[in-house]
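Please look through the structure below before reading on.

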Amino acid sequence: MIKEITNINQTDLKLIFFDFAIFSCGTEKRCHYTFKNLIDNVTNTSFVFEFSNSRTRNSHIENRKVFKLREYDLKVNFVIVKNNDDRIIFKILQKAINSSIKDKIKIYLDYSSMPRKWYQAILTLLNDFINVDVDLIINYSAYDYNGDNFPTINVNSLSASNMHYGNIQPNKPKLLFLGLGFDKYAAKALLERIEALHILFYTNPSYLVSQTLNIETVNEKILSNSNKTFLLPITDMKKSFEALENMYLKYCKEYSLIIASLGPKPMVMLSNLLSLKYKDIQNLRLNSIYHYRSHKDQNVLKDTYPVKICFEKST
């Protein structure tokens, strides 16, 4: 279970040696950004989970070459994930981690290019199914989308993203914590489909001023009609998690709680962590297809913001 969440600076990160490291490989060039800087700090095995549906694209092939350069001397294991099936990720990591003879292990996770389903499976594994204590360092490389080149979402359906789903208590009114993202339709779709009171949150400050401005612009109408909104600093994940946790503790006795974060990924990560720590909050996501106008227009930002999450072994 989750014991503690703390921020880590870049200097301290470079001094940590990891038993395992986890990356993804697809079309985004940020997928290997931290791999090149930290791979020599991995003492055991690195796992690179690949998107099966993009393996023939040139950008995916070029990204894979970066990982392949260190495949043999650093025990880099490539795993193809078909049909976005997170069960293979769960099984492979569970076997590797539970085979450790240590009482405590350290794992590095770069979730910059991972689908929510993948890193949610990893978090659930560490929280509920591992027989050793784990220090997990999560890291995220942000994009500068150059003006209007933000991701958009084709809304299809809602689904529960937490394997435990959360418990909606019928004798209580529903309250939705809605994290606003870059897409102008997603928040509206959620509010129309879920009959509940709602409280809004979004990232401010963000990695870039343009990210916050974009969120405020595309959600202007929803924000103007809401009287309950709170801001989370994406550059301080510990503080942001504590703010979300305080909101949960404030309302959990009176309401049956639902949380849905629409982006960016660190905000989604915070929602996942909250729903793992408190199993009575339901964590929802929009099943969606992301479209980017051009990967050439996306620049990986220099700074990353690593966070340490301490898990106590499952009993």
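In this predicted model, helix H4 passes helix H5 in a right-handed crossing. Two packed helices are described by the angle between their axes and the distance between the axes. For H4 and H5 the angle is about 35 degrees, and the axes lie 10 Å apart. The table lists the residues through which the two helices meet.

| Helix | Range | Residues in the contact |
|---|---|---|
| H4 | residues 87-98 | Ile89, Phe90, Leu93, Gln94, Ile97 |
| H5 | residues 116-128 | Trp118, Ala121, Ile122, Leu125, Leu126 |

Sorted by class, this contact has 9 nonpolar residues and 1 polar residue, with no charged residues.

Apart from neighbours within four places in sequence, phenylalanine 177 is in contact with several residues, including Ile199, Phe201, Met247 and Ile281.

Is alanine 21 buried or exposed? Alanine 21 counts as buried because its relative accessibility is 0%. This alanine 21 is placed in strand S2 (residues 18-25), and, when residues up to four places away in sequence are not counted, alanine 21 touches Val42, Thr45, Ser46, Phe47 and Tyr108. Between alanine 21 and leucine 38 there are 9.3 Å in space, C-alpha to C-alpha, although the two are 17 residues apart in sequence.

Notes:
Residues numbered from 1 in each chain as written. Predicted model: local features only at pLDDT ≥ 70, side-chain atom pairs only at ≥ 80, totals over all residues. Heavy atoms only, no water. Helix = DSSP H or I, 4+ residues; strand = E, 2+ residues; numbered from the N terminus. Buried < 20%, exposed > 50% of the residue type's maximum accessible area, 1.4 Å probe, protein only. Contact = heavy atoms within 4.5 Å. Axes fitted to C-alpha atoms, helices over the stretch in contact; angles between N-to-C directions. Left-handed = near helix turned anticlockwise from the far one by under 90°. Nonpolar A, V, L, I, M, F, W, Y, C, P; charged D, E, K, R; others polar.
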